[in-house]
Amino acid sequence: MKQPLRLGFVGLGGYASPMLDTLLGGIQRGVFPIELHSVCDPEPFRYPQRMDSLRSAGVTVHLSYQTLLLDDIDAVYLPVPIHLHTPFTLAALAAGKAVLCEKPIAGTLDEIDQLQAAEAKYKKPVLEIGRAHV
């Protein structure tokens, strides 16, 4: 049997919060063959209850994106503000992770060129996704 995708999820508040709830619900119902392995938030101390709840569920909670990228994960999901899409995607690719990023993938055409070059260099996929309903 194929192993589930080990996912790192970036974001606990704002838009990321309902996306995390959707993901967790889909995992519990068996809709997604995903293991939510680890999470982080650019401002982790804003969400102590959410962090505690995730830890209790066996999810590793990181205090920085850099440490999340060191974790044993296959991919990262980035429902973060647009200005973080490009730097977070580039860092994930350099760390050998595939990327699922909310749309728009980037704020400028130059950033799209950077992402395409990094995707080719590191041979990891970058998927631009929109809101999912499960």
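A residue is called buried when its relative accessible area is under 20%, exposed when over 50%, and partly exposed in between (1.4 Å probe, protein chains only). The model is predicted: local features need pLDDT of at least 70 and side-chain atom pairs count only at pLDDT 80 or more, whereas totals for chains, interfaces and linings use all residues. Residues are numbered from 1 along each chain as its sequence is written, and side-chain values use heavy atoms, with hydrogens and water left out.

**View 1. The salt bridge between R6 and D74.** A salt bridge is counted when a side-chain nitrogen of Lys or Arg lies within 4 Å of a carboxyl oxygen of Asp or Glu. The structure holds 5 salt bridges. In this view the side chains of R6 and D74 form such a pair, with an N to O distance of 2.6 Å. Because R6 belongs to strand β1 and D74 to the loop between α3 and β4, the pair ties together parts that are 68 residues apart in sequence. D74 has 26% relative accessibility and therefore counts as partly exposed; R6, at 25%, is also partly exposed. A network of salt bridges links R6, D72 and D74. Helices (H or I, at least four residues) and strands (E, at least two) are DSSP runs, numbered from the N terminus.

View 2. R50 forms a salt bridge with D21, the closest N and O atoms being 2.8 Å apart. Since R50 lies in helix α2 (residues 48–56) and D21 in helix α1 (residues 16–28), this pair ties together parts that are 29 residues apart in sequence. R50 is partly exposed at 22% relative accessibility, and D21 is partly exposed at 41%. A salt bridge also joins the side chains of D52 and R55 (3.3 Å, N to O). These two residues are 3 residues apart in helix α2, which means that about one helical turn separates D52 and R55. D52 counts as partly exposed at 44% relative accessibility, as does R55 with a relative accessible area of 41%.

View 3. Two strands are taken to pair if DSSP finds at least two bridges between them. The sheet is open and has 6 strands in the order β3-β2-β1-β4-β5-β6, with parallel pairing. β3 (60–61) and β6 stand at the edges, each with a single partner strand, so one side of each has no neighbour in the sheet. β5 and β6 run parallel and are joined by 4 bridges. L100 stands opposite L127 in β6.

View 4. The expected span of a helix is 1.5 Å times one less than its number of residues. Buried residues in α4 are L84, H85, T86, F88, T89, A92 and L93. With contact defined as heavy atoms within 4.5 Å, the cover over the buried residues of α4 includes β1 (5–10), α3 (65–69), β4 (75–78), β5 (98–102), α5 (109–122) and β6 (126–129). G96, which follows α4, has a positive phi near 85 degrees.

**View 5. Helix α5 and the residue that follows.** The 14 residues of α5 reach 20 Å from first C-alpha to last, close to the 20 Å expected at 1.5 Å a residue. K123 follows α5 and has a positive phi, near 55 degrees.
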